[in-house]
Amino acid sequence: MTASFAFDVEKLTQYLESHVAGFIGPITLSKFTGGQSNPTFKVTAESGLYVLRSQPPGKLLKSAHAVDREFEVLDALKGTDVPVAQVYHLCRDTGIIGAMFYLMEFCDGSVYWSPSLAEISTNAYRSQLYDAMNKTLVALHSVDIDLVGLGDYGKAGNYFERQFGRWSSQYRTTELEKISAMDQLILWLEKHLPEDDGRVCLVHGDFRLDNMMFAKDKPEVMAVLDWELSTLGHPFSDLAYQCMQLRMPQGMGAIDGLQGVDRVSLGIPTEAEYVASYCQRMGIDRIDNWTFYLAFSFFRLAAIVQGVAKRASEGNASNKQANKVGAFVEPLAQMALSIIEQEGEQAAEKTDEKIADK
């Protein structure tokens, strides 16, 4: 454990024994590797295995690293069709380990980091894993937010307008240098914000393969992880965000994509097939403004990455690789601009075809 996370183990043990039913020390802590912006630790205790998730040390951006919101949404989703880990206790007292944290169940499953699922031996199993993700996303977007007590978990309506304002502001706050592609993307998004269509649901905010834990013996999602960015929002934001990842190239840090990969040969659905399955399960015919949703997803990820780079420059980032991620901001923005350009070309071709038919 690094000096930044040098917990007083005895103090933490005493606290957990006093506040978590059945918890018995002594304990040992080991930090999970990976892309968590909120430091996450495996807790081995006399009473069993647990997971501790905390805010990172140092000065935090407003509303960022809200582990209390994570705890709230996980607790609310117990008993729904959305698979989540059981949560035991939220500690708001920063005097225990130096940051707010919560304790939850340790789920013994599999996490896959590359969407190519190269470690899976059959195409059929890969296809089933993607279908399980699709079912889970639909289950999430079908949750009755009022019934589970999340009716006030966020503001309803105008989701993309509000999110655009939030992430534009946070990007400017964490901007380390001027990036022309991001400036162009921000201008395009501002001009093409779609009208609010009234859809409101619980959204995860970072719905992707490596934020899910799968059962080891069957193609089922055991638990959806990392709810830091969850809120009430628009369902298509989660869908586009996941499809964005599949469009990305391989080798972009911990976030790998399927750009240039022959999905058919691997049993992985195309974007059109994945979106069609989602629409069928949700009972909708199609998704308008798809280019905007994709471009916005790239923009938001670029803004998040910029925030990680800013924290790394100040020595506060959780992941040791965080100081490298700043290099991904411009490529992400360029990918969004490419999608926008492709849509423009396709629209022009359709116009030419209509003129030629007359």
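What follows is a working chat about a predicted model of one protein.

Colleague: What should I know before I start reading residues off this thing?

Modeller: Residues are numbered from 1 along each chain as its sequence is written, and side-chain values use heavy atoms, with hydrogens and water left out. Because the model is predicted, local features need pLDDT of at least 70 and side-chain atom pairs count only at pLDDT 80 or more, while totals for chains, interfaces and linings use all residues.

Colleague: And what pLDDT does the protein average?

Modeller: The protein averages a pLDDT (the predictor's confidence in each residue, from 0 to 100) of 89, and 88% of the residues score at least 70.

Colleague: How do α3 and α8 cross?

Modeller: The axes of α3 (residues 123-141) and α8 (residues 271-282) come within 10 Å and cross at roughly 40°, where axes are lines fitted to C-alpha atoms, for helices over the stretch in contact, and angles run from 0 to 180 degrees between N-to-C directions. The two helices are therefore oblique to each other, given that angles under 35 degrees count as roughly parallel, over 145 as roughly antiparallel, 65 to 115 as roughly perpendicular and the rest as oblique.

Colleague: Which residues make that contact?

Modeller: From α3 they include Y130, M133 and H141, and from α8 they include Y274, Y278 and R281.

Colleague: What about α6 and α8?

Modeller: Helix α6 (residues 235-247) and α8 pack at an angle of about 160°, with their axes 11 Å apart, and α6 and α8 are therefore roughly antiparallel to each other. In this contact P235, F236, L239, Q242, C243 and R247 of α6 meet E271, Y274, V275 and Y278 of α8.

Colleague: Switching topic, where is K218?

Modeller: K218 lies in the loop between β7 (212-214) and β8 (221-224), and the C-alpha atoms of K218 and L129, 89 residues apart along the chain, are separated by 8.8 Å.

Colleague: Is K218 buried or partly exposed?

Modeller: K218 is partly exposed, with a relative accessible area of 38%, where buried means under 20%, exposed over 50% and partly exposed in between (1.4 Å probe, protein chains only).

Note on methods. Helices (H or I, at least four residues) and strands (E, at least two) are DSSP runs, numbered from the N terminus. Contact means heavy atoms within 4.5 Å.
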